[in-house]
Amino acid sequence: MRIDKQQIATINEGLLTDHNRRFANLLSDIDNAEAIIEKLMAFQIGIPSWALGAGGTRFGRFHFGGAPATLEEKIEDVGLLHALNRNSGSISLHIPWDIPQDYAAIKQVAAENEIKFDAVNSNTFQDQPGQPLSYKFGSLQNVDKAVRKQAIEHNIEVIKHGVELGSKALTVWLADGSCFPGQLSFRNAFNNTLESLSEIYSALPEDWKVFVEYKAFEPNFYSTTVGDWGQSLLYASKLGKKAYTLVDLGHHLPNANIEQIVALLLNEGKLGGFHFNDSKYGDDDLTAGSIKPYQLFLIFNELVDGMDARGMNHASDLGWMIDASHNVKDPLEDLLQSVEAIMAAYAQALLVDKKALEEARQNSDVAKAQEILQNAFRTDVRPLVAEARRRAGGALQPLSLYRQLGIREQLIKQRGADSQTTGL
Ligand code: PSV
Ligand code: MN
Ligand code: MN
């Protein structure tokens, strides 16, 4: 199904008086609104194909109606999100959860929905049916060269799928590590992983990047072979200029200062991609901005500052993706909320008075520096984000429009109340 642009415009009409009032109020407080709106309109966040099906935890998965059963339907779902907010213009595929069969047909559906293909993700953290060798004791780190070879070949296969679809990056997340002291040699695990990654790196097309995602824990609980940003940076530096670190917000030890990590990675020119989500305890994969919105803002503040310092294009020079899941929400509603939260944090970061902040820092005026950041954070930027969406042809209120149009009900009618998502 597709949402008609005219439908969106008509419903926006009815909301315009209120919106204009709120927007005008906000405008009287800020002076760079037009520049911010332009940036917000350009910003696109990749939607993970795996967040469109039934989420869950290892304790169970709860079904919802109208779930996308094929890759084409997942792309259509991202198309719905993009039609509503105009900031979800790409999909990130996880292979083999999604195996593109007919490239031309898939690209056609993507084009009809104005969707591009973001980074492709390999999967060597599960054994697939019929797979000759097991990843139980790791993949790229494995003591057995044959297992490493199988994992390398899988990654090269994923790159090939990505090339066909027009992706420009491979994300490698490894579950590799150990559960108990003594289980492995840290040095051998690192060296094997580096050697394997180098082989994958050699298979990258000229204009591709590889993102090395780190994670401190889970499913291995004693050590992870790409366990933190230092280890990821080490791999990325040794691999070469096409290799970058990917930061997933849920992959740190509790209370890590992620904004500082982001600032330093950017400073080194080694930050490549992002997985947005939120968490209270671990890799909770909750809706972005739902638990720690101030942290999300502080991260964006460093992103904007660091990217500007390096003359980077906010919209295109980093891979922005969501990596969230949902146990109790309609996945499309959840994703609309995540995108909205990310856009709000970005808008707030664009509001920061950088000159005044620098002055406060030079004068060691700590209270003033804090005030400047908190002023931006406490500004209700929702009318600004809504205005950018409206100008791009999206909905002033995406979530209520989604409900008003009965999109879930229509999907259930079309796909059935018990349609099953492929993969995962
Ligand atoms: C691992 O926890 C991770 O964040 C990686 O990005 C995976 O690709 C994704 O989750 C799978 O759900
Ligand atoms: Mn992730
Ligand atoms: Mn994760």
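**Pockets and a metal site**

Author: Gladly! This is a predicted model, and its largest pocket has a volume of about 1,300 Å³. That pocket is lined by 40 residues, and Gly56, Glu218, Asp283, Asp285 and Ser325 lie nearest its centre.

Reader: What makes a residue part of the lining, and how does the lining of the largest pocket divide?

Author: A lining residue has an atom within 4 Å of a pocket point. The lining of the largest pocket divides into 14 nonpolar, 14 polar and 12 charged residues.

The second largest pocket holds about 620 Å³ of space. It is lined by 24 residues, with Ser90, Asp118, Ala315, Ser316 and Leu318 closest to its centre. Helix H2 (33-42) and strands S3 (116-117), S7 (209-213) and S11 (319-322) each supply at least two residues of this lining. By type, the lining of the second largest pocket comprises 10 nonpolar, seven polar and seven charged residues.

Reader: Now the metal. Which residues coordinate the manganese ion (ligand 2)?

Author: The manganese ion (ligand 2) is coordinated by Glu213 (OE), Asp248 (OD), His275 (ND1) and Asp323 (OD), at 2.1 to 2.2 Å. Donors must lie within 2.8 Å of the metal, so these atoms qualify.

Reader: Why is the site of the manganese ion (ligand 2) called octahedral?

Author: The site has six donor atoms, with angles of 72 to 168° among them. For six donors, the label requires opposite donors over 155 degrees apart and all others between 65 and 115. The site meets this test and is therefore octahedral. For comparison, the ideal angles for six octahedral donors are 90 or 180 degrees.

Reader: How are the donor residues of the manganese ion (ligand 2) spaced in sequence?

Author: Their spacing is E-x34-D-x26-H-x47-D. Asp248 lies in strand S9 (residues 243-248) and Asp323 in the loop between S11 and helix H10 (331-351), so this pair ties together parts that are 75 residues apart in sequence.

Reader: How do you know whether Asp248 and Asp323 are buried or exposed?

Author: Buried means under 20% relative accessible area. Asp248 has 0% and Asp323 has 10%, so both count as buried.

Reader: What makes S7 largely enclosed?

Author: Four of the five residues of S7 are buried, so the rest of the structure largely encloses this strand. S7 pairs with strand S5 (residues 169-173) in the parallel sense over five bridges, where Ala169 stands opposite Lys209. S7 also pairs with S9 in the parallel sense, over four bridges, and there Val210 stands opposite Ala243.

Technical notes:
Residues numbered from 1 in each chain as written. Chains lettered and ligands numbered in written order. Predicted model: local features only at pLDDT ≥ 70, side-chain atom pairs only at ≥ 80, totals over all residues. Heavy atoms only, no water. 1 Å grid on protein atoms, 1.4 Å probe; cavity = no way out; pocket = protein on both sides within 12 Å on 5 of 7 lines; lining within 4 Å. Points joined across faces, edges and corners; volume = space filled by probe spheres on them. Nonpolar A, V, L, I, M, F, W, Y, C, P; charged D, E, K, R; others polar. Donors = N, O, S within 2.8 Å, 3.2 Å for Na, K, Ca; no water. Tetrahedral: all angles 85-135°; square planar, octahedral: opposite > 155°, others 65-115°. Buried < 20%, exposed > 50% of the residue type's maximum accessible area, 1.4 Å probe, protein only. Pairing = 2+ DSSP bridges.
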